[in-house]
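Good morning. I will go through one structure today, starting with its core and then turning to one helix. Please look at it first.

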Amino acid sequence: GAGASCRGLTLRGTRPDFVLLDDIQSRKDAESTIRTDKLENWQREDVFGLGGAKQLSVAKTSTPIKPGDDSDRFSDPTLHPEFRTVKYPFLISPPVNEDLWEEYDNIYRECIADGDITATSATRFYQNHREPMDTAAVIADENKFDEKLELSAVQHARNLMLRLGRKAFNSEYQLQPVQKQQLLALKPSQVFNQVNGVERMILPCQTQVAVAFVDVM
């Protein structure tokens with residue numbers, strides 16, 4: 001578990017030769033650069049040295065939540081070339097007939113709006129057009145769907161996207177978190193570098209203009 005006390009861990013004098021880091025980041029970790037830095041440092045300083053003089057094997061299972069989080073960092077070969085990343089997205093290859101799927105989306109939304117949470121009409125539409133709608137689609141697990149409500153894992157993937165939204169689906173099921181568009185992304189170090197070190201309420205003798213709280217968004 002993340003942050004566990006494991007420095008110098010031994011079992012009857014024997015150091016570990018394998019470590020499994022199982023989904024160690026929380027959403028709070030992923031959304032904070034400082035917390036992500038601490039998590040990475042814990043792994044570097046406490047975990048990766050557990051093997052002592054012997055080679056230590058480390059496996060990480062994780063789901064990326066946002067760009068730059070722990071999962072994203074360790075899957076970047078420029079930052080961690082010692083790790084080999086294998087990804088298993090739900091939808092390996094999407095279907096190509098998007099026009100039919102958009103029509104399905106509209107029927108699905110109408111069903112939900114009318115109180116039909118099983119979206120029967122949408123499933124009937126998919127059943128009547130299944131062959132062209134499934135064209136080129138490749139699913140990691142063909143059995144991953146609700147047999148009482150759906151006809152295939154391809155339909156289940158689309159229903160997930162409709163229920164959760166494309167952003168959440170891409171992150172949680174496709175392992176492709178979407179980067180938020182920002183005009184400016186400030187790092188704590190950038191702000192810290194602007195601090196002049198002068199005590200509060202004191203202006204240096206060379207001060208000509210003092211500005212505060214302008215356009216802080």
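Which residues does I139 touch, not counting those up to four places away in sequence? I139 touches F90, L91, I92, A153 and V154, where contact means heavy atoms within 4.5 Å.

A word on the source. This is a predicted model, in which local features need pLDDT of at least 70, side-chain atom pairs count only at pLDDT 80 or more, and totals for chains, interfaces and linings use all residues. Residues are numbered from 1 along each chain as its sequence is written, and side-chain values use heavy atoms, with hydrogens and water left out.

Now the core. A nonpolar core is a set of buried Ala, Val, Leu, Ile, Met, Phe, Trp, Tyr and Cys residues joined through side-chain atoms within 4.5 Å. Buried means under 20% relative accessible area, exposed over 50%, and partly exposed in between, with a 1.4 Å probe and protein chains only. The largest such core has 19 residues, and I139 is among those with the most contacts inside it, as are W101 and Y126. At least two residues each come from α4 (98–113), α5 (120–128) and α7 (153–164); helices here are DSSP runs of H or I, at least four residues, numbered from the N terminus. The most come from α7, which gives 5.

Next, α5. Its buried residues are A122, T123, F125 and Y126. They lie on the same side of α5, because their arc around the axis is only 160°, taken from the directions from the helix axis to the C-beta atoms. The face turned away from that side carries the exposed Q127 and N128. Among the elements covering the buried residues of α5 are α4 and α7.
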